[in-house]
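This report is an introduction to one protein chain. Please look at the sequence and the structure before reading on.

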Amino acid sequence: SIIETTKFLSHTIEDFRNFFKKDKSENNFKLKTIVDRTQFLLSAKIQKNNISIKTNISDREIFGLENEFIQVLLNIINNAIDALSDTEGEKFIFISDNLEKDDLYTIKIKDNAGGIPQNIIGKIFEQYFTTKADKHGTGIGLYMVKLIIEDKMNGIIEAIEQENGANILIGIKKIGNI
């Protein structure tokens with residue numbers, strides 16, 4: 001586990017170093033594999049907080065920047081874990097996918113942490129916006145998520161408030177070998 005995490009962190013540093021380069025190669029990758037890898041990387045934090053992750057993921061492939069998409073999932077799931085760490089009772093994160101009309105591939109990440117207040121839901125993807133204390137948040141994570149999805153993968157991302165939790169919805173049109 002330590003070796004795998006160290007390798008991943010090394011790749012992450014390289015990804016951040018190359019973040020603004022234009023000549024990165026895209027490839028096909030399976031969302032299920034990426035979700036499993038993300039769960040593995042966060043497994044200690046998930047177990048420590050007694051969180052169950054429920055998935056309903058197809059075997060569909062995405063065409064894009066695999067390591068950057070892992071960063072997207074890490075940021076979103078890590079924020080859900082942080083929100084759930086302050087809640088009582090059963091704690092869940094649900095991850096599902098669906099192929100919508102017009103070949104829009106959607107990935108939904110939902111938790112039962114009580115949701116995002118209406119007065120800030122429209123700000124969570126803004127640069128430097130954070131609800132965490134100074135030592136625990138920089139306001140860069142979800143901003144980077146938005147840049148990766150919208151600028152690097154030509155997709156969309158939005159937060160939708162629902163009863164008892166928030167949904168992060170990602171839409172991507174690059175499916176498979178396109």
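## Basis of the report

This is a predicted model, in which local features need pLDDT of at least 70 and side-chain atom pairs count only at pLDDT 80 or more, while totals for chains, interfaces and linings use all residues. Residues are numbered from 1 along each chain as its sequence is written, and side-chain values use heavy atoms, with hydrogens and water left out.

## The chain as a whole

The chain contains five helices and seven strands. Helices (H or I, at least four residues) and strands (E, at least two) are DSSP runs, numbered from the N terminus. Starting at the N terminus, their order is α-β-α-α-β-β-α-β-β-α-β-β.

Of the 178 residues in the chain, 41% are buried. Buried means under 20% relative accessible area, exposed over 50%, and partly exposed in between, with a 1.4 Å probe and protein chains only. A contact means heavy atoms within 4.5 Å. Among contacts in the chain with a separation of 6 or more, 72% are between residues 24 or more positions apart.

## The nonpolar core

A nonpolar core is a set of buried Ala, Val, Leu, Ile, Met, Phe, Trp, Tyr and Cys residues joined through side-chain atoms within 4.5 Å. The largest one has 43 residues, and Leu31, Ile62, Phe69, Ile76, Ile77 and Ile93 have the most contacts inside it. Two or more residues of this core come from each of α2, β2, α4, β4 (91-99), β5 (105-111), α5, β6 and β7 (165-172). Helix α4 gives the largest share, ten residues.

Which residues does Ile93 touch, leaving aside its neighbours within four places in sequence? Its contacts are Ile51, Ser52, Ile53, Lys54, Ile77, Ala80, Ile81, Leu84, Ile109, Lys110 and Asp111.

## Helices

In helix α2 (residues 31-41), the residues Leu31, Ile34, Val35, Thr38 and Leu41 are buried. They lie on the same side of α2, because they cover an arc of only 125 degrees around the axis; the arc is that of the directions from the helix axis to the C-beta atoms. An α-helix has 3.6 residues a turn, so residues three or four places apart point the same way.

The axes of α4 and α5 come within 9 Å and cross at roughly 145 degrees. Axes are lines fitted to C-alpha atoms, for helices over the stretch in contact, and angles run from 0 to 180 degrees between N-to-C directions. On the α4 side the contact involves Glu68, Phe69, Gln71, Val72, Asn75, Ile76 and Asn79, and on the α5 side Gly141, Leu142, Val145, Ile148, Ile149 and Lys152.

## Aromatic pairs

The whole structure was searched for aromatic pairs, and two were found. Rings of Phe, Tyr and Trp (its six-membered ring) pair if their centres lie within 6.5 Å; planes under 30 degrees apart count as stacked, over 60 as edge-to-face and the rest as tilted. The pair of Phe29 and Phe69 is tilted, because the ring centres are 5.8 Å apart and the planes are at 40 degrees. Phe29 belongs to strand β1 (residues 27-30) and Phe69 to helix α4 (residues 66-84), so the pair links parts of the chain 40 residues apart. Both Phe29 and Phe69 are buried.

Phe92 and Phe94 form a stacked pair, 5.6 Å centre to centre with 20 degrees between the planes. Phe92 is buried at 18% relative accessible area, whereas Phe94 is partly exposed at 34%.

## Two loop residues

Asn50 is not a glycine, yet has a positive phi of about 55 degrees. Asn50 sits in the loop between α3 (43-48) and β2 (51-56) and is exposed, with a relative accessible area of 62%.

Asn154 also has a positive phi, near 55 degrees, in a residue other than glycine. Its place is the loop between α5 (141-152) and β6 (156-162), and Asn154 is exposed at 59% relative accessible area.
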